[in-house]
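Let's take a walk through this structure together. Have the viewer ready, and follow along as each part comes up.

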2 protein chains.
Amino acid sequence: MRHRSGAEVFGRPRSTTHGGIEARALDLFEERGFEGTTVDDIAQAAGISRRTLFRYFASKNDIPWGSFRDGLDELERRLEAAPTDVPLWQALHEAILDFNGLPEGSEAQHRRRMRLLLRTPALQAHSALMYAEWRGVVARFVARRSGIEADDVRAVVVGHAALAVSLAAYDAWLAHDDTDLGDLLDDALTALRRHLGADA
Amino acid sequence: MRHRSGAEVFGRPRSTTHGGIEARALDLFEERGFEGTTVDDIAQAAGISRRTLFRYFASKNDIPWGSFRDGLDELERRLEAAPTDVPLWQALHEAILDFNGLPEGSEAQHRRRMRLLLRTPALQAHSALMYAEWRGVVARFVARRSGIEADDVRAVVVGHAALAVSLAAYDAWLAHDDTDLGDLLDDALTALRRHLGADA
DNA sequence: CACACTAATGACACCGGGTGTCAGATGGAA
DNA sequence: TTCCATCTGACACCCGGTGTCATTAGTGTG
């Protein structure tokens with residue numbers, strides 16, 4: 001959605017940034033709740049007009065998802081760079097761990113944001129569209145490495161399952177304050193492998 | 001959402017039914033697309049006022065999902081009735097196969113509805129809320145049989161994974177006209193088991 | 001038949017998210 | 001200074017969704 005190619009030397013300079021709007025918005029969401037905050041409230045807090053806000057973000061729902069899309073590109077690069085001698089599921093798992101890894105000290109903030117994203121019905125719904133892109137990245141990776149098409153069930157299901165593991169871990173992480181996200185991702189993957197394990 | 005306990009003998013009789021509205025709506029959705037159909041269009045086609053329509057359905061998004069919620073109850077019953085001597089994942093898989101089984105001859109219609117549900121962005125988003133309930137049913141079943149809490153990662157991840165298999169199968173089913181949904185569900189599950197197989 | 005009672009309906013006003021349009025603001029380049 | 005590309009805000013408008021209230025259409029009762 002951003003359209004910066006070089007430095008914008010022509011025309012009227014931007015009066016704000018995505019990050020600036022996002023920061024004000026998240027404050028308000030925390031203060032009054034997501035539904036309880038109107039777009040006009042956010043625009044006013046950010047010192048811009050309602051119309052301008054919609055030039056920065058396609059929708060109110062898009063604001064808290066913020067830089068998720070940027071993270072997607074990174075996930076894709078990480079998967080492409082994965083060594084081919086480790087099992088596919090393991091490469092995937094490690095990439096996901098990295099993708100969800102947080103810099104030290106930012107855990108509390110990440111928890112706040114994820115709680116908003118994963119516990120607000122309107123945002124839960126919107127997230128489905130984000131997840132579809134995320135799954136697509138995984139499915140394409142699987143397809144590439146397995147020599148099948150990206151819309152083959154076998155690739156698609158791995159994309160869904162990888163997402164399943166991540167979301168389950170986040171669910172539990174948000175439900176229990178004293179847990180570590182990385183551990184939960186490991187637990188979820190292990191549980192799934194055992195659950196489906198070839199012991200039948 | 002329905003509130004019929006006995007026969008409604010008192011008061012003004014209902015002028016329509018959920019099914020009646022739904023049928024008109026689906027016709028319009030197919031004709032003009034989901035976004036291209038307004039609530040007023042639907043109300044007019046159904047011969048009721050806009051306000052009445054919203055007394056039958058909580059939102060426009062809820063209309064095409066129709067009887068999904070009823071199906072949920074059936075899934076839950078089916079899981080409760082599953083014999084305890086078959087492996088958990090297998091009981092689950094069979095219940096899902098049943099859940100998604102169609103009466104003979106209705107495949108074409110089911111395809112149309114599912115294409116609408118799974119390929120319309122607004123409905124994809126809305127579906128996230130439905131899926132959450134679906135996963136909850138599975139997670140509770142797993143928790144019950146495994147003696148753990150329903151919000152334990154190990155139960156939650158199975159709910160997510162079961163949904164993952166179903167959605168992957170539907171994806172592929174919609175993408176390829178000549179496929180059988182039951183076969184695809186089998187394929188997806190098999191692929192996932194192999195993918196995560198205990199061969200590492 | 002007239003009456004009370006119950007529940008569904010429709011008209012209306014209103015709110016919030018989102019879009020199309022257009023005139024005016026801003027600052028570098030010619 | 002003038003030209004020009006771009007961003008900006010004001011305004012009108014559409015659509016989904018809700019609160020309110022009078023009205024309608026039935027039932028059972030005197």
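DNA strand C is surrounded by 26 residues, and the closest are A:Arg12, A:Ser59, B:Gly11, B:Ser49 and B:Thr52; here a residue is near a molecule or strand if its C-beta atom, placed from the backbone, lies within 6 Å of it. The elements that give two or more residues to this surface near DNA strand C are helix H2 (39–46) and helix H3 (50–56) of chain A together with helix H3 (50–56) of chain B. H3(B) provides the largest share of the surface near DNA strand C, 3 residues. By class, the surface near DNA strand C has 8 nonpolar, 9 polar and 9 charged residues, where Ala, Val, Leu, Ile, Met, Phe, Trp, Tyr, Cys and Pro count as nonpolar, Asp, Glu, Lys and Arg as charged, and the others, Gly among them, as polar.

Before going further, a word on what you are looking at. This is a predicted model, in which local features need pLDDT of at least 70 and side-chain atom pairs count only at pLDDT 80 or more, while totals for chains, interfaces and linings use all residues. Residues are numbered from 1 along each chain as its sequence is written, and chains are lettered from A and ligands numbered from 1 in the order in which they are written.

Now turn to the other strand. DNA strand D is also surrounded by 26 residues, and the closest are A:Gly11, A:Arg12, A:Ser15, A:Thr52 and B:Ser59. H3 of chain A together with helix H2 (39–46) and H3 of chain B are the elements that give two or more residues to the surface near DNA strand D. The largest share of that surface near DNA strand D, 3 residues, comes from H3(A). Its residues divide by class into 8 nonpolar, 9 polar and 9 charged.

How are the two protein chains related? Chain B can be laid on chain A with an RMSD of 0.1 Å by a turn of 179 degrees and a shift of 0.0 Å along the axis. The two copies are thus related as by a two-fold rotation axis. The superposition is by least squares on the C-alpha atoms of residues with pLDDT of at least 70 in both copies. The same surface serves both copies, as 100% of the contact residues of chain B recur in chain A. If you want to find the axis in your viewer, look for B:Ala125: of the residues of chain B, B:Ala125 comes closest to the rotation axis, at 2.2 Å (C-alpha).

Next, the fold within a chain. Chain A has 10 helices and 0 strands, counting as helices DSSP runs of H or I with at least four residues and as strands runs of E with at least two, numbered from the N terminus. The C-alpha trace of chain A spans about 60 × 40 × 30 Å along its principal axes.

Finally, consider how two of these helices pack. In chain A, helix H8 (residues 121–146) and helix H9 (residues 153–175) pack at an angle of about 130 degrees, with their axes 8 Å apart; axes are lines fitted to C-alpha atoms, for helices over the stretch in contact, and angles run from 0 to 180 degrees between N-to-C directions. H8(A) and H9(A) are therefore oblique to each other, given that angles under 35 degrees count as roughly parallel, over 145 as roughly antiparallel, 65 to 115 as roughly perpendicular and the rest as oblique. Among the residues that meet are A:Tyr131 and A:Trp134 in H8(A) and A:His160 and A:Leu163 in H9(A). This contact of H8(A) with H9(A) has 11 nonpolar, 4 polar and 1 charged residues.

Definitions and conventions: Two residues are in contact if their C-beta atoms, placed from the backbone, lie within 7 Å.
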